[in-house]
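Subject: Structure handover

Hello,

Please find the structure below. Notes on its charged side chains follow.

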Amino acid sequence: MSLSQAQKKALRGIGHHLDPVVMVSENGVSEGVLAELDRALSDHELIKVKLAITEREARAEILDKLLAESGAELVQTIGKVALLYRHNARANPKLSNIKRFENHHGRH
């Protein structure tokens with residue numbers, strides 16, 4: 001499933017106020033990072049991931065791996081921060097960033 005430009009714009013509006021919840025360092029993608037990414041996407045649906053990696057090409061490779069392993073979609077990247085989205089039909093409304101912010105920012 002690919003997000004439309006309108007969907008991405010709406011998700012960027014929500015994501016603007018979020019802080020990174022998963023961080024990937026120079027050590028790369030470990031099982032622990034993948035488990036935390038999966039948990040965060042299941043709980044929150046829309047998350048920021050901080051890629052604390054100096055080289056742009058290495059960041060792109062790691063981001064590709066994170067997307068492939070998690071089934072998430074890339075909404076946007078700014079510098080070393082990526083905004084990822086993965087729909088969860090059974091997401092907890094108290095945890096899901098989508099559910100919590102769906103009535104904010106002029107969205108209905």
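**Charged side chains**

Glu 26 sits in the loop that runs between strand E1 (20–24) and helix H2 (31–44); helices (H or I, at least four residues) and strands (E, at least two) are DSSP runs, numbered from the N terminus. The model is predicted: local features need pLDDT of at least 70 and side-chain atom pairs pLDDT 80 or more, while totals for chains, interfaces and linings use all residues. Residues are numbered from 1 along each chain as its sequence is written, and side-chain values use heavy atoms, without hydrogens and water.

Glu 26 counts as exposed because its relative accessibility is 53% (buried is under 20% relative accessible area, exposed over 50%, partly exposed in between; 1.4 Å probe, protein chains only).

The whole structure has 3 salt bridges (a side-chain nitrogen of Lys or Arg within 4 Å of a carboxyl oxygen of Asp or Glu).

- Arg 39 and Glu 36 form a salt bridge at 2.6 Å, N to O. Both are in helix H2, 3 residues apart, about one turn of the helix.
- Asp 43 and Arg 39 form a salt bridge at 2.8 Å, N to O. Asp 43 is partly exposed, with a relative accessible area of 22%. Through shared partners, salt bridges join Glu 36, Arg 39 and Asp 43 into one network.
- Arg 86 and Asp 38 form a salt bridge at 3.0 Å, N to O. This pair links distant parts of the chain, 48 residues apart: Arg 86 is in the loop between E4 and H4, and Asp 38 is in helix H2. Arg 86 is buried at 16% relative accessible area, whereas Asp 38 is partly exposed at 38%.

Regards
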